[in-house]
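I opened this notebook to keep track of what I looked up, beginning with the whole chain and then moving to its parts.

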Amino acid sequence: MAIDLSAKIPNNVDLDRDPKLRRALEAWQPKYVDWWKEVGPVGYQEKEIYLRTAIDVGSDGWAHFGYVRMPEYRWGIFLADGSPERKIGFGDVARDTVWQDVPGEHRASLRRLIVTQADTEPASVEQQRRLGAICPSLYDLRNLFQVNVEEGRHLWAMVYLLHRYFGKDGRDEGDALLERRAGDRDRPRILATFNDPVEDWLDFFMFTMFTDRDGKFQLLSLAESGFDPLARSAQFMLTEEAHHLFVGETGINRIVARSAELSRQDPNGEAMPHGGIDLPVVQRYLNLWFSSCLDLFGGEVSSNAAAYFSAGLKGRPNEAKFPDHVEKNEVRVLEVADDQDRLVKREVAARLAINEDTRDAYIRDCARAVERWNRSIESVGLPYRLTLPSRRFNRRIGEHAGHHFTPSGDPISAALFDQKRDEWLPSAADRTAVRALQQKPVTKPGAFASWIAPPARGIDGKPLDFEYVRFM
Ligand SMILES: [Fe+2]
Ligand SMILES: [Fe+2]
């Protein structure tokens, strides 16, 4: 029996008028649902979740709220409205008209960019799949699943581009995206952070704060692309990404607020004895996820990034705000460790350091959130402050990898780093302590786990004790 795709896959890409593409996606859809059931959220697949579904890109009401079982979620394909006359804003092709098709000479690069972005989407669903069993509230459980189904939709958005513009190669890539697995030794996801374990809800909020925020900046860079369908896909994905970032930033703020309140009342300034998470533990998780996510922007010196930029394939976040969109004659000064582990300045051509421009924008955005968390700590009169570590700290990729730095960015020996590791990064004891607080799910409407403050308001104007997940 033929599947009525126009009903099953909400879209604004005229799927009905392209039978070949429709058939290809029709063949991919059951594989996707199988993947979702196999490595998507554990449990809860038959429960009704109060989710929003994108049914249109229009400014009012692109998000439609209602109860839905996750395997029946209507994953759609949406491109933001665009203009075929849009001009490319950067590189050697600045001011050329955008492309509606893939230019032959950029086929391999664009395919690689799209596959790399696409791979992160199912990876995060796999990484977060066990968190339902230890959720701190129905509100948070629902937010986890909202993030998960939207990452699924982001995969759809990228697979649509692969199927539509890359023929057989694209269809093969679409299948491979369902075959790799986060953390799998033999078939890992492409980027390291997307193989890292997400074991508890502090990890989850750090992930949605820092890793989804990497996603935001990657999408902002792709939204500048000369390949117009990619740019318009990325633009619409950003509207969903905003919610993921909200979940992460406010989640950490709620943890921090609770920790600060409990620590202030304790004679030793500890939150753990009262069911909270100690602020230094929050700091160590922050150090881990922030440093891991800095790697996602690639090396400080990158000929790939330079080539993508020159060719108009991938720009920088909000490219229009940069003073120079060509970057042909400028230089950038990097601060790196030399072979004696002394910090030295090194000049590189600005085009080779494009990744640093994007990393700068990301770090500024993270710093703003940290300030907000610190205001929550300050408001209860506690002197403790959270900080972002240096961009050199704990890196696995780029100029700083292979060297060791303190969180403030001073070079140190490998031996000293190892000695200090448990002060700077989550220790086994930290993980055990966090897990001890998160052994059971909190599923009574309106109830919240001891280690996290309730949010300021509910979802979609609903009260905090709303049944965001139905247990019938
Ligand atoms: Fe995503
Ligand atoms: Fe996301």
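**Overall shape**

I began with burial and noted that 46% of the 472 residues in the protein are buried, a residue being buried if 20 or more other C-beta atoms lie within 10 Å of its own, exposed if 12 or fewer, and partly exposed in between, with C-beta atoms placed from the backbone. I was working with a predicted model, in which local features need pLDDT of at least 70 and side-chain atom pairs count only at pLDDT 80 or more, while totals for chains, interfaces and linings use all residues. Residues are numbered from 1 along each chain as its sequence is written, and chains are lettered from A and ligands numbered from 1 in the order in which they are written.

I then looked up the secondary structure and found 12 helices and 7 strands, these being DSSP runs numbered from the N terminus (helices H or I, at least four residues; strands E, at least two). The radius of gyration is 23 Å, close to the 23 Å that the globule rule gives for 472 residues, so the protein is as compact as a globular protein of that length; the radius is taken over C-alpha atoms, and the rule is 2.2 Å times the number of residues to the power 0.38.

**A strand pair**

I finally followed strand E3 (residues 331–337), which pairs with strand E4 (residues 343–349) in the antiparallel sense over 7 bridges; pairing requires that DSSP finds at least two bridges between strands. Arginine 332 stands opposite valine 348 in E4. In the hairpin, which has 5 residues between the strands, aspartate 341 takes a positive phi near 60 degrees. Valine 331, found in E3, is partly exposed, with 14 other C-beta atoms within 10 Å.
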